Amino acid sequence: MSLLVNCPNCGPREIPELRCAGESTSRPKTTPTVRELNTYVYFRRNEWGVQKEWWFCRSCEDWFLAERDTYSNDVKRTWHPEPAA
Amino acid sequence: MKDIFRKQKILKAPGRLKRHYDVVIVGGGSHGLATAYYLAKHHGITDVAILEQSYIGSGGAGRNTTIIRSNYRTPEGAAFYKESVALYERLSAELDFNLMFSQHGHFTLAHSDRSLVVQNERAEVNKLLGINSRVIDRDEVKRLCPQIHVGDDVTWPIQGALYHPPGGIIRHDAVVWGFAKQVCRSGIEIHQGIEVTGFDVRDGRCHGVRTTQGNVSAGVVLSATAGWSSPVAKLAGVELPITTSILQAFVTEPVKPFLDKIIVSAQMHIYVSQTDRGEFLIGAEVEPYPTYSNKGTFPFIEYSTRHVLELFPQLHSTRILRHWTGLCDMSPDYSPIMGLTELDGFLVDCGWGTYGFKAAPITGVTLAELIATGKTPALIEPFKLERFYTDTLVSELAAAAVSH
């Protein structure tokens, strides 16, 4: 069984219809040093367990967030992010 | 004559875990075992324990598609893998264990002009380093490998290929057992079924490991844990630029031997070889999302069989026998991450993604030298973890992503 992810617009979709953009990271708040910037760009928590991640739906061309257990591949929930303030 | 049928015990029971070792290696895969082997052979260091949470070779070392090659794209990568192939060539004799290494040649198919440009670039880098590698056209592909379908009536007609004659396949379990046998003979202890639960980190230094069978202090700790590198390094408070994904492969039922070359297509995301048992071994690229779940997927079987049949229509009624997955620790630049970390006494060997097995012997040689002397050998200098902090990557995407 492949992985099914629930797009908030389109409903459950298989992997070929989606793109996983990896775990959600937090952008440096102030002008970062070279080290901070590279840490943000390259380093990942690579969680064994539930992680928050970005997905893109190729059907509705919309981005959404998901909470997925990386060990069991259970998708806990998916939702649209709050608009940036 | 009797010797042929004599049962040989490869592993010696290690006895109880001691409270101190000079070196503790976490992970009993091909890399951990090779490092232990060369620590004993080149540097005489035998107060070493290998801690494996499952059994030796249960991870990537026993799940890869056994391809050995050195036709990489970057000079750093190609020089490194060239040494590895050279070591593999004499490893059977050295380990006194038949590894069944057969170097029949390796094709990386090009289906577009763009792809031919990349193959030419790889061929030039390889030639400069003395690696036998050249670009050939479609007619020569057909001449060297008559079994392959080179017609235009497919999705991606073949335009040429990068031909790498020293490329070959090996029996991967034998590599693990061969290293393990010699490691045990040198007095190094292999402890299976012991899980590392933490590290003893004090004053910016790693003093040892905590395990399910008590604490062990160590002069140096090496984490060679492939797909589990991030969770293990996290126990020591070391962050890594790694994401873990699965890579899948399958074998068909055995058929009469008719393919001696290894065929790779980056466009189709597959690689094909026929094993010594006659099974067709077919692998793909990593799944496009991070996961630790070792479950195979049906879309993988669907797309890889579709592509294989375009190259080998002869296989149309061959059945699939087994299908499995392995964890891949992908680094951002598709090059490995080896050596010192910012935590003293804690070394990593990770980021091996889809290409770790072919580098096992040279990884062992270089990491053993690093552990014994404290100095990073020039060959692995470009692969240190620090490169991600300074943004000096070694981009191997063109030659490592799918091109096994």
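**Chain A, then chain B**

I began with the secondary structure of chain A and found 1 helix and 6 strands. Reading along the sequence, I noted the order as β-β-β-α-β-β-β. This is a predicted model, which I kept in mind throughout.

Next I looked up the dimensions: the C-alpha atoms of chain A fill a box of roughly 40 × 30 × 20 Å along the principal axes. Of the 85 residues in chain A, 34% are buried. I also checked the contacts with a separation of 6 or more, and 44% of those in chain A join residues 24 or more positions apart.

Then came the surface. Chain A exposes about 5300 Å², and 50% of that comes from carbon and sulfur atoms. I counted 12 positive and 12 negative charges in chain A, with their mean positions 5 Å apart.

Over to chain B, where I picked out helix H3, residues 75-89. Its 15 residues reach 21 Å from first C-alpha to last, close to the 21 Å expected. Which residues of H3(B) are buried? My list reads Gly77(B), Ala78(B), Phe80(B), Tyr81(B), Ser84(B), Val85(B), Leu87(B) and Tyr88(B). A reminder to myself for reading that list: in an α-helix, residues three or four places apart point the same way, because there are 3.6 residues a turn.

Last, I looked at confidence. Chain B averages a pLDDT of 94, with 98% of the residues at 70 or above. Within chain B, helix H2 (residues 30-43) has the highest confidence at 98, and helix H12 (residues 397-400) the lowest, at a mean of 70. For the complex, I wrote down an ipTM of 0.92 and a pTM of 0.94.

Conventions:
Residues are numbered from 1 along each chain as its sequence is written. Chains are lettered from A and ligands numbered from 1 in the order in which they are written. This is a predicted model: local features need pLDDT of at least 70, side-chain atom pairs count only at pLDDT 80 or more; totals for chains, interfaces and linings use all residues. Side-chain values use heavy atoms; hydrogens and water are left out. Helices (H or I, at least four residues) and strands (E, at least two) are DSSP runs, numbered from the N terminus. The expected span of a helix is 1.5 Å times one less than its number of residues. Buried means under 20% relative accessible area, exposed over 50%, partly exposed in between (1.4 Å probe, protein chains only). pLDDT is the predictor's confidence in each residue, from 0 to 100. Contact means heavy atoms within 4.5 Å. Accessible areas come from the Shrake-Rupley method with a 1.4 Å probe; for residues, only the protein chains shown count as cover. Lys and Arg count as positive and Asp and Glu as negative; His and the chain ends are not counted. The place of a charge is taken as NZ of Lys, CZ of Arg, CG of Asp or CD of Glu.
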